[in-house]
Amino acid sequence: MLKQIEGSHAVADVVALCRPNVISAYPITPQTHIVEGLADIVESGKLDAEFVNVESEFAAASVVLGASAAGARTYTATTSQGLLLMTEVVYCIAGMRLPIIMTCANRAISAPLNIWNDQQDSMTVRDAGWIQMHAEDNQEAADLHVQAFRIAEQTHLPIMVCMDGFILTHAFEPVDVPDQKQVDDFLPPFKPRHIVDPRWPRGIGLYADPRFYMETRYILHRALEKSEDTIREVSAEFAKAFGRNSGGLVKPYKLEGADLVIVTMGSVVGSVKELIDRLEAEGKKVGLLQICSYRPFPKQEVYKALKDKQNIVVLEKSVSLGRGGVLASDVRWSFPRSDKTDRHISCFVAGLGGRNISIDDLRFMVERVEKEPVDLEFLGLKKDIIAEKDL
Amino acid sequence: MIEIRIHGRGGQGNVAAAELLAIAAFKDGKFAQAFPSFGAERVGAPVQAFVRIDSKKIRVREDVRTPDYLIVQDQYLIDSVPVLDGLKEGGLVLVNANVRSEDLNLKTTATVETIPATEIALEIIGRPIPNAIMIGAFCSITGLVSLEAVQQAIMEKFPGAVGTNNVAAMERAHEIIQERKNHA
């Protein structure tokens, strides 16, 4: 049913429809409304699940790890410092191939303390072995959770559904929240591959010496690469069942004939599309390639979409300090060596710590790279408040 | 697309006002988007919330910088926050103040309206929460969103006495605006 609803509550409602057996989370802004919503649903008796209150995110991740290993469908959510505190367990979850679903309500990381949106938090665990999907709007955020349980349980990989903190989590907009039957028809009950059971003691993820460890990492790497097929298939099936496109690997917008292509992910996609339409009306052809699956990084899809393009600009809400753009590096590495096209891939870091990204900022970016490519620029940087001695 | 910016202080129900307007617009069959400016989450601190209303899906995610309408829940914010920034030509600003609009001496060519929302809130709701009165007056002046839809949205969000009192306060605001229109 179409509802005017807060993003966090849409996600809570949809996660509940996926019938998780165990939920454990520690509240942290801007994720709080999601877990409050789920706590209410469990309390009301509408969802038969164990909601485990914990003292930290480290404990929350550990609880869902244990519950998933014991055969439960599990869910958690966090952001920023919470995700960093979880990191050790996040890696273990992937190494143990536990299909846990986590929402990351993307937020900046300390120091200095900042509760607002960017995507540096999920970036820090991009190499942990999780699938990472980024939502454009709250409809996609809700839909991705339904798809995530399917993909995770089919591939035995954990999935982080990333949605921009505040910009999406706290936005009221129309979301079609499916009914229980629709979700049940799409998402079969969880059949775990292995179960840890005291009646039949066994361990998982215990120990691999130099003779075996490398193979475990290779297998996980290949499993992530192969999950591209599952992500694509589940998104297509979702479109058939629910009548709308959500998720998948990449989503092109007005790419054909575009002289300049913006590559980005997350909620800024909406403003980028708006700008592209305005520029089109002014006779300028700009396209968009939205990255939905950030891990696995769909390099072939990216190459296919961009191989004829010579002017590309990557817009991202994260930065690898001492290196530059993170998404930009992924995009730059998507072109095979055989490809000899002379192209420029510019990088703009934007919106860090919740700095507003206006349509005018985006227009400035486009005009800037039309003139000449930019290796790395911070969009809207206030140079006048930076002292030379601090650099 | 219509853009509304709400200014107030933490605790005045700014985000709730934006949410109620968006839900009411949705009930009227329009597309709407509401979101807070995510300022410091403290009672008394200046806060902003944004609403967009359109006849088609809203994709843009930037803050509302050039609003068509401003709702100011605390008149004293005008001295410390540049509330009028970016207000469109021919726009409207509605201020919670127990004075005539010309007595506010706002430096703007936009239409200025006032409503004594805090006084009405204290009298009818018993607490100085002006948001329902402000959106009631806003809808009464602009006709942008139907009062029936706002009433429904309030009763869904605040079932029981809180909702009923807020609806009554909102209706008082509507009466005041209509009387003013009849005198004009």
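**Walking through chain A**

Me: What does the secondary structure of chain A come to?
Reply: Chain A has twelve helices and 15 strands. Keep in mind that this is a predicted model.

Me: What about size? What radius of gyration does chain A have?
Reply: It is 21 Å. A compact globule with 391 residues would have a value near 21 Å, so chain A agrees with that. The C-alpha trace spans about 70 × 55 × 50 Å along its principal axes.

Me: How much of chain A counts as buried?
Reply: 51% of the 391 residues.

Me: And contacts? What share joins residues at least 24 apart?
Reply: 80%, counting contacts between residues at least 6 apart in sequence.

Me: New topic. In what order do the strands of the open sheet run?
Reply: The seven strands go β3-β2-β4-β5-β7-β6-β12 in chain A, with mixed pairing.

Me: Which strands are at the edges?
Reply: β3 (50–53) and β12 (293–295) of chain A. Each pairs on one side only. Neighbouring strands in this sheet are turned by 20 degrees against each other on average, ignoring direction.

Me: Zoom in on β6 and β7 of chain A. Are they parallel or antiparallel?
Reply: Parallel. Four bridges join β6 (residues 131–134) to β7 (residues 159–164). In one of them, H134(A) has C162(A) in β7(A) as its bridge partner.

Me: Which strands does helix α6 of chain A lie across?
Reply: Helix α6 (residues 138–155) lies across β5 (101–106), β6 and β7 of chain A. The helix runs at about 170 degrees to β7(A).

Technical notes. Residues numbered from 1 in each chain as written. Chains lettered and ligands numbered in written order. Predicted model: local features only at pLDDT ≥ 70, side-chain atom pairs only at ≥ 80, totals over all residues. Helix = DSSP H or I, 4+ residues; strand = E, 2+ residues; numbered from the N terminus. Rg over C-alpha atoms; globule rule 2.2 N^0.38 Å. Buried ≥ 20, exposed ≤ 12 C-beta atoms within 10 Å, placed from the backbone. Contact = placed C-beta atoms within 7 Å. Pairing = 2+ DSSP bridges. Axes fitted to C-alpha atoms, helices over the stretch in contact; angles between N-to-C directions.
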